[in-house]
Amino acid sequence: MQLILHTGAHYTEEDRLLKSLQSNHDLLTQAGTHVPSPATYRGLFRDTLNAMYKTSASDGARDVLLDAVMGDSDADRVIFSDANFFRTPATAVVEGMLYPAAPVRMMRMAQLFPEDELQIFMGIRNPATLLPVLYDVSADKSPPQFWGDKDPLDVRWSDTLALLRDSAPEIPVTVWCNEDAPLIWGQIMREMAGLPTMAPLDGEFDLLETIMRPEGMKRFKSYLASHPEMTTAEHPRVIAAFLDKYVIDDALEEELDMPSWTEELVEEMTEIYDEDVARIQEIPGVRVILP
């Protein structure tokens, strides 16, 4: 089977993405894709992966997990969404590393589903806005535990993704920047669901509606209706043009509450993040969805 693992990250749009996918239940069912309720698998995966730190999974563990989520579905593609695949927000940063448990967790997943085709999908986020949130909920805020020998300018998503690929090279990884998500929401949904690029979808502008004024959304949808020849690949350009005029300014503002951080530091971290995204695109087996 094809098992799509949507692994967060925390404090991106993970739950909204799941809901957007679930709103297309009939279409996805026809396409052979199943989006089960998280209640059927999140606890099971957590308990199984935690147990595998002590002992290997039993021979029947794979079938037990799939039986619990498939019900009467005969789909050959299943989407699992859980931002805690790589552990909880409380342990998301340890010694300056984002999700240090991710490599081992995915190695365990590969062991659990050795004959299945696993794929990872994950939204990443600018450390300048993410680290303050993760610091606030961290289980241990002491500098040696949270930062180690690093400072905010040293934190890289590429470090985590490179280690993830080394530990489970058979699992391809698709990532996108959460900051770009409103522009590429439909593309993310289609790729996760295994749908054609022009497949009609409900909810592909769900996220856009949270940052664009109602009159802008009305004009945008009218524009799409009057240009039926437009491909989904052209949507990001058109969305960006409408956002320039109709964006809800407050929706894009984020308050950063991190002791001693300056505006200059945040700007430098953002520049490093942009450079890191380019570096991620060079990691074998990792693909970045861009607008």
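Predicted model: local features only at pLDDT ≥ 70, side-chain atom pairs only at ≥ 80, totals over all residues.
The chain comprises 12 helices and eight strands. Its C-alpha atoms fill a box of roughly 60 × 55 × 30 Å along the principal axes. Buried residues account for 50% of the chain.

Side chains of opposite charge can pair when their charged atoms come close. The structure contains 11 salt bridges. In one of them, D15 pairs with R42, with 3.8 Å between the closest N and O atoms. Because D15 belongs to helix α1 and R42 to helix α3, this pair ties together parts that are 27 residues apart in sequence. D15 is partly exposed at 40% relative accessibility, and R42 is likewise partly exposed at 25%.

A further salt bridge joins D116 to R62, the closest N and O atoms being 2.7 Å apart. R62, at 24%, is partly exposed.

Helix α12 holds a pairing of another kind: D276 and R279 lie three residues apart, about one turn of the helix. Their side chains meet at 2.9 Å, N to O. D276 is buried at 3% relative accessible area, while R279 is partly exposed at 40%.

Helix α12 spans residues 263-280 and includes D274. D274 is also part of a surface patch of negative charge, whose members include E263, E267, E271 and E275. V266, also placed in helix α12, is buried, with a relative accessible area of 19%.

Notes. Residues numbered from 1 in each chain as written. Heavy atoms only, no water. Patch = residues over 30% accessible without salt bridge, like charges linked within 9 Å, V, L, I, M, F, W, Y side chains within 5 Å. Areas by Shrake-Rupley, 256 points an atom, 1.4 Å probe, with all protein chains shown as cover. Salt bridge = Lys/Arg side-chain N within 4 Å of Asp/Glu carboxyl O. Lys, Arg positive; Asp, Glu negative; His and termini not counted. Charge placed at Lys NZ, Arg CZ, Asp CG, Glu CD. Helix = DSSP H or I, 4+ residues; strand = E, 2+ residues; numbered from the N terminus. Buried < 20%, exposed > 50% of the residue type's maximum accessible area, 1.4 Å probe, protein only.
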